[in-house]
Structure formats: C-alpha cells, structure tokens
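Please work through each task before reading its solution.

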Amino acid sequence: MSDEDGIQRPSDVGPDDAPPVEEKPYKIVFEANRCFGAGKCAEVSDNWELSITSGVAAPKTYFFGDDDLEHNVRAAEVCPAKKDDGCIHVVDRRTDEEIAPDPHGDGTLSVDW
Ligand code: SF4
C-alpha cells in the first residue's frame, strides 16, 4: 500500500474493478472513520448522502468524470472533519494527485492512515 518512503499514493487506494481512467478520470478517497456526520457534503453535492442509520456520509459513486467534478470538489472543500482539512479526497487518476481539499498544497494524498 505504500512506496519505499512510506508515502501513500492515491492509486494505491481503491477497488481493483475500477472503471477505465479515460471514462472516469476522477475518484473519491473517503476516510469514513473520520466523518462525524456534519452533512455539509450532502448540502453541496448530489453524490453525497448522509445515512440516518450509520450517522456517516457515503458517496453514491467513487468514480466520475468532468461533469461531476465541481460538486465533488465542493464537498471535499466544505467538509469540516479533521479540523477542517476534510475527510473527502478528490483525486485526479491521470496525475495521481489530490485535487481537493489538498491541505498540503502539493497534490499529495492527505489521509491519516
Ligand atoms: S461533510 Fe464531511 S464530516 Fe460531514 S457528513 Fe460529509 S464527509 Fe462527513
């Protein structure tokens, strides 16, 4: 799951049956264990739903194209988890960089695993 430096690459995360990059160039990496159910994501993006039973959010789809980029980026940016760093990560699969929320400002995956 990690390279030799111990830095996790976005491409290391996700299911093996992912759709082709050309069709769905973006993906979600979601730290569900850091979600505290604030529901901000669901307010700004149709891709996000808050489960009443579990109390945490989940994306309807983990892979998407340009048409759905903006609202997923918005969800990543408004998520207040992790002291506002956010627990929703939008990754460009072509460059393997985190587009949002990118709190480090360098495209590295900002997960705490
Ligand atoms: S905004 Fe973040 S913390 Fe709130 S429900 Fe969505 S993913 Fe969870």
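**Exercise 1. Strand pairing**

Tyr26 has Phe64 in S4 as its bridge partner. The model is a predicted one, in which local features need pLDDT of at least 70 and side-chain atom pairs count only at pLDDT 80 or more, while totals for chains, interfaces and linings use all residues. Residues are numbered from 1 along each chain as its sequence is written, and side-chain values use heavy atoms, with hydrogens and water left out.

Task: Determine how many bridges join S1 to S4 and how many join S1 to S5, and state whether the residues of S1 are buried or exposed.

Solution. 
- Step 1. Strands (E, at least two residues) and helices (H or I, at least four) are DSSP runs, numbered from the N terminus. Two strands pair if DSSP finds at least two bridges between them.
- Step 2. S1 and S4 run antiparallel and are joined by 2 bridges.
- Step 3. S1 and S5 also run antiparallel, with 5 bridges joining them. In this pairing, Val90 of S5 stands opposite Ile28.
- Step 4. Buried means under 20% relative accessible area, exposed over 50%, and partly exposed in between (1.4 Å probe, protein chains only). By this scale, 5 of the 5 residues of S1 are buried.
- Step 5. From S1, Tyr26, Ile28 and Phe30 point one way, whereas Lys27 and Val29 point the other way; all are buried.

**Exercise 2. A salt-bridge network**

Task: Identify which residues are linked with Lys82 in a network of salt bridges, and locate the parts of the chain that the pairs connect.

Solution. 
- Step 1. A salt bridge requires a side-chain nitrogen of Lys or Arg within 4 Å of a carboxyl oxygen of Asp or Glu. The count by this rule is 4 salt bridges.
- Step 2. Lys82 pairs with Glu31, their closest N and O atoms lying 2.7 Å apart. Because Lys82 lies in the loop between helix H2 (69-78) and strand S5 (88-92) and Glu31 in the loop between strand S1 (26-30) and helix H1 (40-44), the pair ties together parts that are 51 residues apart in sequence. Both Lys82 and Glu31 are buried.
- Step 3. Arg34 and Asp112 form a salt bridge with an N to O distance of 2.6 Å. This pair links distant parts of the chain, 78 residues apart: Arg34 is in the loop between S1 and H1, and Asp112 is in the segment after strand S6 (97-100).
- Step 4. Lys82 also forms a salt bridge with Asp112, the closest N and O atoms being 3.7 Å apart. Here the linked parts are 30 residues apart, with Lys82 in the loop between H2 and S5 and Asp112 in the segment after S6.
- Step 5. Lys82 has a relative accessible area of 13% and is buried. Arg34, at 33%, is partly exposed, and so is Asp112, at 48%.
- Step 6. The network therefore links Glu31, Arg34, Lys82 and Asp112 through salt bridges.
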